[in-house]
Amino acid sequence: MCAISIDIILDSDYNNVNTFGKIPLRGRGEDALSLDKIRNFCIIAHIDHGKSTLADRLIEKTGTVSAREMQEQLLDNMDIEKERGITIKLQTCRLFYRHGDDEYVFNLIDTPGHVDFTYEVSRSLAACEGALLVVDATQGVEAQTLSNVYLALDNDLEILPVINKIDLASADVEGVCKEIEDIIGLDTSGCPKVSAKEGIGIDDVLAQIVEKLPPPKGDPDAPLKALIFDSYYDNYRGAISMVRIMDGTVRAGDRIKMCSTGKVFEVVEVGVYAPSMKPVSSLSAGEVGYIAASVKNVSDTAVGDTITGADRPTESPLKGYKKATPMVYTGIYPADGAKYNDLKEALLKLQLNDAALSFEPENSKALGFGFRCGFLGLLHMEIIEERLEREFDLDLITTAPGVSYHVTKTNGEKLIVDNPTNLPSPTEIDSIEEPMVKAVVYTPPEYVGQIMELCQDKRGIFVDMTYIDTARVQLTYRLPLNEIIYDFFDSLKSRTRGYASLDYEADGYEKSDLVRLDLLINGDMCDALSLIVHKDRAYARGRGIAEKLKEAIPRQLFEIPIQAAIGGKIIARETVKALRKDVLAKCYGGDISRKKKLLEKQKEGKKRMRRVGSVEVPSEAFVSILKVGDDN
Amino acid sequence: MEIYIHIPFCKRKCAYCDFASYAGVSPEGRRDYIAALKKEIRLAGEKFRDRRIDTVYIGGGTPSLLSGDETADITDSLAAAFPLFSPEEITIEVNPESTDGDKLKSYRAAGINRVSMGVQSLDDRNLVAAGRLHNAEEALEKLRLAGEVFDNVSCDFIIGLPFDTPEAVVRELNAAAALVKHISVYELTLEEGTPLTLSAARGETVLPSDDGVAELLETAVDALAAKGLGRYEVSNFARTGYESRHNFGYWTREEYVGLGVAAHSFFGESADSAKARGIRVSNPRSLAEYVAGTAGAESFDSLPRASQERVEGREAEDEEIMLGLRTLRGVDGQILRGRITPAVARFFESAGEGRLRLTRDGLAVMNSVLAEIL
């Protein structure tokens, strides 16, 4: 988690390192390095455009980490990030750079690129004055390039375009520069053209960071005002806040106050990420670093909160961030019911590190005790599930992802429903509104027809189509979020052979003809399988799920009807035939161990089953229905 | 107490077999093995000198690969080693291709009174697929021959081979039933790593579906009943009075001592205590390990073991249920108290005298029933 797990050793006596000339490494403190020698920036890019690789090169080039210690994609240090080649959690690193006769301190804040993590991007942006916009010279401007640029502009950041991957044969540097000027309106004259992979043009990037990005503002002597832009739990030091100091100075021993809760803590240590945690004597206005204050309770270091001095508090706390609103919901249950508390602990720890994750306890007849979790999107959901399974060694059962509906009952009462089970009966419902998104798809023109057909299929309403150039089209649709989270990504990818990119943002609610689709196993409703779907989709979906369940549920001692129903009306039926025979182990030569083993295996398998009425349903069955597309 | 003797030699390993059997063992290897076996017999005789020996079963592998003299040597050793050696039933397993009239007569002279022949199928295509070395005609001829020498002849069938059909099963079982007193019908199980499993996985061998096999097994039960062979255990069928005493001991948790490579034993401190507090041990599976380990042992208790476990309490009860429910006799209704759930109640029926057994449908899904009640 975060930078602490990076195992890179700098010179052990950090305070005496003189490689960096006269920079006082203990922080700025009294003989402070002036603000104009600091640059706080982040790197924004579409996924895969080479953001993390560029970060690695900057770290390497500035000698922050020697080549020997250099480890590919240094800042992506979660296993999942490395494997998927994406950044999920933001990371920071302090770099030292000599420009002319002067020494500069750079604080680099790495950001996630995926649309799901917009919230995290906006957090890191708030700690910066500038942003490097990395654009792949072979791909050009993509959906997330744009959305991240808009976020950066909203935060008044100075943006420095960096054209990456110029070494590739298919690179079209001029074309991409023109695109950036045309679509985004940024000046690309003289912007760095690099190959982060090959280490080409990195010096130019470093120089332009000094020349083009503005230094931070702030008063080191004013009352402390520090923005928590991330926090995480360290088993030894408690909750650690990653901060950008806006005003004032903070040292070990200071008493600090959390503006939102009023709670006071004593600072145990302040430091920077270089990129491993290094204590410094103080952090002052304009700097980025961490504060450890023996905070036991993770909720006391809420991301977006302002830290101030307990004895001399600021009068104007920072605005903080708009709380991230979950868009996608799913039920997460421990496969082993006894692990409920472990799951809860794990979610609490992840939440500290991932402010966008929300969860509350829920109870399913089929799955027992678990949590209804809210996510920013499907990737976010997958990442959290994977982290729960890997980092916390949990076996999970998850229900089909859904969205949050606004329901108006016939008696005028209004409800928000994010769990299909809680949808009132059809007779009590006056209307249901579902969340909509504005989806922007970038695609080569030859796929336009395919994508329009897909969007139409997904109940999309055409908004706009723009030819960016002869090679690319921007398509805008208004779509129900419910359809996007279902199998939209997969369909889009397969229909465009991966060439299209997608971005979406919330776009209000819309009345819709929605119904709850229930699944009955041997006549018993299985709450964990219920879904809210558009009425026109219900039949196909019901049939598809019933078929999947038939495959996933093993034959048992009796015949098992599987039915899909809407409000008590059966719309599809499949049957799992009764088991006719078991494998018969013979007890040859008095060897009954074979038979015992077989039975143990059978019992072991039984334990992993969930009971729906009298039927044993394997955990995989709950997962298999997630894979029912409209196409099957 | 019962004695099981394992003869691990085969001319060739069958395509479905994963038992402890070895093809191509040299004459010296065979001699060393018999020597080790005789030593183990002696040590077992010392250990169990107070036990009355009720049955002996010489199984394999292919015991009929031994000469008449080698076989007699083993039975003589048993008689000499166990002071209370008075078996009512001594069975030897034979394969058709290694059986002849002289050998059968020498078995009879050695005190053997029951022959069990590995027929497996009477369809030559199935016999080839299974990797057997005989054909249908030879099997029938040898069964006839065995019937001339022995009153009590049994044979094994495997159901679920590639060319099995209900009609063929009826025809084959009728032919065999005319010649024997006892038939065992096993279902083909695909054991990991066997040639048949691999070939089925590659699609080279096409086996009947699960439901198809279920139908074949039920057909077999009816066919045998029609010929007077009643089902007294899930896989075993006999004319009245010809039920296998030895196998019955396994299902009722009698004491038995298994001698030879990979053999399994079950015994107690005393003959009476095994049921409540028994020990299950098994011998090494490797021939070399068995021979060397036995040579170095000074007592039965110091023989090399592949596994050893004590069975008592709930586990002993589970075993009693798991084994007893295989039989027509069933188990004492008392020990099933509180275990039978509504989901499986319909698979039980009375076996008289307060005993319960599985119904015919119940026998077919025995594992599922057991998984529910154990």
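1. Two residues are taken to be in contact when heavy atoms of theirs lie within 4.5 Å. On that basis, of the contacts in chain B between residues at least 6 apart in sequence, 71% join residues at least 24 apart. The structure under discussion is a predicted model, and the points below should be read accordingly.

2. Chain B contains 14 helices and 17 strands. Its length is 374 residues, and 57% of them count as buried.

3. Helix H12 of chain A covers residues 593-607 and has 15 residues. From its first C-alpha to its last it reaches 21 Å, close to the 21 Å expected at 1.5 Å a residue. Buried in H12(A) are A:Lys595, A:Lys596 and A:Leu599. Viewed down the axis of H12(A), the buried residues fall within an arc of 100 degrees, so they line one face of the helix. On the other side of H12(A), A:Lys597, A:Glu600 and A:Lys601 are exposed. As background, an α-helix has 3.6 residues a turn, so residues three or four places apart point the same way.

4. Against what does the buried face of H12(A) pack? The partners belong to chain B: strand S13 (277-282), strand S14 (307-312), helix H11 (313-324) and helix H14 (366-373). The reader may wish to view these elements together with A:Lys595, A:Lys596 and A:Leu599, the buried residues named above.

5. A search of the whole structure finds seven cavities of 30 Å³ or more. The second largest cavity has a volume of about 160 Å³. Its lining comprises 17 residues, of which A:Leu584, B:Leu217, B:Arg231, B:Val234 and B:Ala364 are the closest to the centre.

6. Which elements of chain B each supply at least two residues of this lining? They are strand S8 (182-187), helix H8 (210-226) and helix H13 (360-364). The largest share, five residues, comes from H8(B). By type, the lining of the second largest cavity divides into 10 nonpolar residues, one polar and six charged.

7. Some details of the backbone also deserve attention. The peptide bond from B:Gly60 to B:Gly61 is cis, with omega near 20 degrees. B:Gly61 has its place in the loop between strand S4 (53-60) and helix H2 (68-81) of chain B.

8. A:Lys165 is not a glycine, yet its phi is positive, at about 65 degrees. This residue lies in the loop between strand S5 (158-164) and helix H5 (173-184) of chain A. Because its relative accessibility is 22%, A:Lys165 counts as partly exposed; the cut-off for buried is under 20%.

9. B:Ala262, a residue other than glycine, likewise has a positive phi, near 60 degrees. B:Ala262 is found in the loop between strand S11 (256-259) and strand S12 (264-268) of chain B. Is B:Ala262 buried or exposed? With a relative accessible area of 15%, B:Ala262 is buried.

10. A:Pro480 is found in strand S24 (residues 472-480) of chain A. A:Pro480 is buried, with a relative accessible area of 2%. Setting aside neighbours within four places in sequence, A:Pro480 is in contact with A:Glu434, A:Pro435, A:Met436, A:Lys458 and A:Arg459. The C-alpha atoms of A:Pro480 and A:Ile461, which are 19 residues apart along the chain, are separated by 9.3 Å.

Conventions
Residues are numbered from 1 along each chain as its sequence is written. Chains are lettered from A and ligands numbered from 1 in the order in which they are written. This is a predicted model: local features need pLDDT of at least 70, side-chain atom pairs count only at pLDDT 80 or more; totals for chains, interfaces and linings use all residues. Side-chain values use heavy atoms; hydrogens and water are left out. Helices (H or I, at least four residues) and strands (E, at least two) are DSSP runs, numbered from the N terminus. The expected span of a helix is 1.5 Å times one less than its number of residues. Buried means under 20% relative accessible area, exposed over 50%, partly exposed in between (1.4 Å probe, protein chains only). The arc is that of the directions from the helix axis to the C-beta atoms. On a 1 Å grid over the protein atoms alone, a cavity is a set of points where a 1.4 Å probe fits but cannot get out, and a pocket is an open set with protein on both sides within 12 Å along at least five of seven lines; lining residues have an atom within 4 Å of a point. Grid points are joined across faces, edges and corners, and a volume is the space filled by probe spheres set on the points. Ala, Val, Leu, Ile, Met, Phe, Trp, Tyr, Cys and Pro count as nonpolar, Asp, Glu, Lys and Arg as charged, and the others, Gly among them, as polar.
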